[in-house]
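I opened this entry to look up charged side chains and their surroundings. My notes follow.

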Amino acid sequence: YRDDDDINDVASMAGVNLNEESARIMATNSDLVGTQIQSCKDEPFLAAIPLHKRILEMAKKLGITDVPAEVVTFISHATQNRLRTVIEKVTVITQHRMESYKDDEWYEQATDVRSQLKFFEQLERLEKQRKDEQEREILLKAAKSRSRQEDPEQARLKQKAKEMQQQELAQMRQRDANLTALAAIGPRKKRKLDSPGLLTVGGEGLGMSGGSQAGMGTPSSRQYARQKITRVNLRDFIFYMEQERETSHSLLLYRALLK
């Protein structure tokens, strides 16, 4: 082995001639060298006939009269790849939008709009309650007054006070009827878990053993996790088009913003 005689060549030290092995491999598998092997049929993503017609219509405007079938297949695969890229990017945008940072240790809440709205609603409720109390006191005073002069305003206040007392009495009766119905129904029973292979004992979930499952004729214990659904809306697509160079100044983006 003069050609490969080297102290650092492990193959020559093992007594293997690389030239002879390469020649033997080329002679044995010469019919397979250079051939393309595919494990599945190459199926286009889009319908070939309508796509071919559409490409011919666009090509005739540019002076092209013939478009091979390979071009149609290539454009179909390019469309599939482009659509996959768009869906992946929009899905990432949607997941970022739905992600919550409240459990993050670096998250610091600056404002709480929900608590502020609740505070203002409570203020409005207290103000309304105060005005109702004042109006109620005025009506009660008008109802208790016994003036001999026939004043139409005084009569209107008395009639309104009478209606208010009747409304309060009806509300009290309705509340008593609801409490009586709840007492007749009894306490609510907690709903049992319907997940297979899971028992609840004292509020704790215990998995069923293999022997008990074999006796009941059920398969192995599985916990069916609910699949998380990612919902993409128009706002996510608009954000994606604003970030892409090809669509950031397109007519499609402006039409989406007008919707």
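I looked up Lys89 and found it partly exposed, at 35% relative accessibility. The model is predicted. The side chain of Lys89 forms a salt bridge with that of Glu244, at 3.1 Å from N to O. I placed Lys89 in helix α4 and Glu244 in the loop between α8 (234-243) and α9 (251-258), so this pair links parts 155 residues apart in sequence. I then checked Glu244, which is buried with a relative accessible area of 15%, under the 20% cut-off.

I count five salt bridges in the structure. Among them is the contact of Glu127 with Arg130, at 2.4 Å from N to O. Both residues belong to helix α5 and sit three residues apart, about one turn. Glu127 is partly exposed at 35%, and Arg130 is partly exposed at 39%.

I noted a salt bridge between Lys128 and Asp132 as well, at 3.3 Å from N to O. These two are four residues apart in helix α5, so about one helical turn separates them. Lys128 is exposed at 55% relative accessible area, whereas Asp132 is partly exposed at 37%.

Next I looked for surface charge. Glu99, Asp103, Asp104 and Glu105 form a negative surface patch. I located Glu105 in the loop between α4 (69-98) and α5 (113-144); Glu105 is exposed, with a relative accessible area of 69%.

Last, I took the chain as a whole. I list nine helices and two strands, in the order α-α-α-α-α-α-β-β-α-α-α from the N terminus. Of its 259 residues, 12% count as buried. The chain exposes about 23,800 Å², with carbon and sulfur atoms supplying 54% of that area.

How values were computed
Residues numbered from 1 in each chain as written. Predicted model: local features only at pLDDT ≥ 70, side-chain atom pairs only at ≥ 80, totals over all residues. Heavy atoms only, no water. Patch = residues over 30% accessible without salt bridge, like charges linked within 9 Å, V, L, I, M, F, W, Y side chains within 5 Å. Areas by Shrake-Rupley, 256 points an atom, 1.4 Å probe, with all protein chains shown as cover. Salt bridge = Lys/Arg side-chain N within 4 Å of Asp/Glu carboxyl O. Lys, Arg positive; Asp, Glu negative; His and termini not counted. Charge placed at Lys NZ, Arg CZ, Asp CG, Glu CD. Buried < 20%, exposed > 50% of the residue type's maximum accessible area, 1.4 Å probe, protein only.
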